[in-house]
Amino acid sequence: MKISISKEISKPAETVFQWIEEPEKAMEWQQNVKAAESLANKPEVIGTTFKETIEEGGKSLEMYGTVTKYVKDKLIGFHLISKIHEVDVCYYLNEFHGGTKVLVESSINWKFPMNIIRLLIGKKIEKGIVNQLESELLELKQICETY
């Protein structure tokens, strides 16, 4: 499943990027992330590993992540693994006169039995993920623009 969504934010890329890059700040706009723990920091950032706890509908899910792409104030990519899926997500920041466009591209590969469930209700699952991403990017926009 591939999802792409974008949002324009009326702040420079360096302001927006810190809210994506720094786990403590990212938890303020990522609704379901309830805990984040750094496992191994790399000076070049790529290769840095971490663990996040996601909560949704009263259930929690641990996700282990690795930073796979990094250009300060331009892009950051992650590979995330959980018991139900693997996710590759990248945040691209493009500055324009008056602000920054944030493009989020993600690819989700579901594990068994979620891959079977996706066959049955895939559109509903995708719509839920898109709605969550839109809500999170709106929250990111509001935080950045009042910062």
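Reader: Which residues lie nearest the centre of the second largest pocket?
Author: This is a predicted model. In it, Lys 69, Asp 88, Val 89, Cys 90 and Glu 105 lie nearest the centre of that pocket, out of 13 residues that line it.

Reader: Which elements give two or more residues to the lining?
Author: They are the strands β1 (2-9), β4 (59-71), β6 (85-96) and β7 (99-110). β6 gives the most, with 4 residues.

Reader: And how does the lining divide into nonpolar, polar and charged?
Author: The lining has 5 nonpolar, 4 polar and 4 charged residues.

Reader: How much space lies in there?
Author: The second largest pocket holds about 190 Å³.

Reader: You listed Cys 90. Buried or exposed?
Author: Cys 90 counts as buried, because its relative accessibility is 5% and the cut-off for buried is under 20%.

Reader: Which cysteine sulfur is closest to the one in Cys 90?
Author: The one in Cys 144, and the two sulfurs are 17 Å apart. A disulfide needs the sulfurs within 2.5 Å, so this pair is too far apart for a bond. The count of disulfides is 0.

Reader: What about Cys 144, buried or exposed?
Author: Cys 144 is buried too, with a relative accessibility of 0%. Its closest cysteine sulfur is the one in Cys 90, too far for a bond.

Reader: Switching to the largest nonpolar core. Which residues touch the most other members?
Author: Ile 20, Tyr 91, Val 102 and Leu 140 do, in a core of 38 residues. Helix α3 (residues 114-146) supplies the largest share of this core, 8 residues. As a general point, nonpolar side chains in soluble globular proteins tend to be buried together.

Reader: What does Leu 140 touch, leaving out residues up to four places away in sequence?
Author: With those left out, Leu 140 touches Ile 9, Val 16, Trp 19, Ile 20 and Trp 29.

Reader: Some of those numbers fall in α1. How many of the residues of α1 are buried?
Author: 7 of its 9 residues are buried, and α1 is mostly covered. The buried ones are Ala 13, Thr 15, Val 16, Phe 17, Gln 18, Trp 19 and Ile 20.

Reader: Why is Gln 18 counted as buried?
Author: Gln 18 counts as buried because its relative accessible area is 16%, and buried means under 20%. Gln 18 is in helix α1 (residues 13-21).

Reader: What does Gln 18 touch, with the sequence neighbours up to four places away not counted?
Author: Lys 25 and Tyr 147, on that count.

Reader: Now the backbone. Which residues does a cis peptide bond join?
Author: Phe 112 and Pro 113, with omega about 5°. Pro 113 sits in the loop between β7 and α3.

Reader: Which angle of Val 45 is worth a look?
Author: Phi of Val 45 is near 70°, which is positive in a residue other than glycine. Val 45 lies in the loop between β2 (33-40) and β3 (49-56).

Reader: And what is phi of Asp 73 near?
Author: Phi of Asp 73 is near 65°, also a positive value in a residue other than glycine. Asp 73 lies in the loop between β4 and β5 (75-81).

Terms used: Residues numbered from 1 in each chain as written. Predicted model: local features only at pLDDT ≥ 70, side-chain atom pairs only at ≥ 80, totals over all residues. Heavy atoms only, no water. Buried < 20%, exposed > 50% of the residue type's maximum accessible area, 1.4 Å probe, protein only. Core = buried A, V, L, I, M, F, W, Y, C linked by side-chain atoms within 4.5 Å. Contact = heavy atoms within 4.5 Å. 1 Å grid on protein atoms, 1.4 Å probe; cavity = no way out; pocket = protein on both sides within 12 Å on 5 of 7 lines; lining within 4 Å. Points joined across faces, edges and corners; volume = space filled by probe spheres on them. Nonpolar A, V, L, I, M, F, W, Y, C, P; charged D, E, K, R; others polar.
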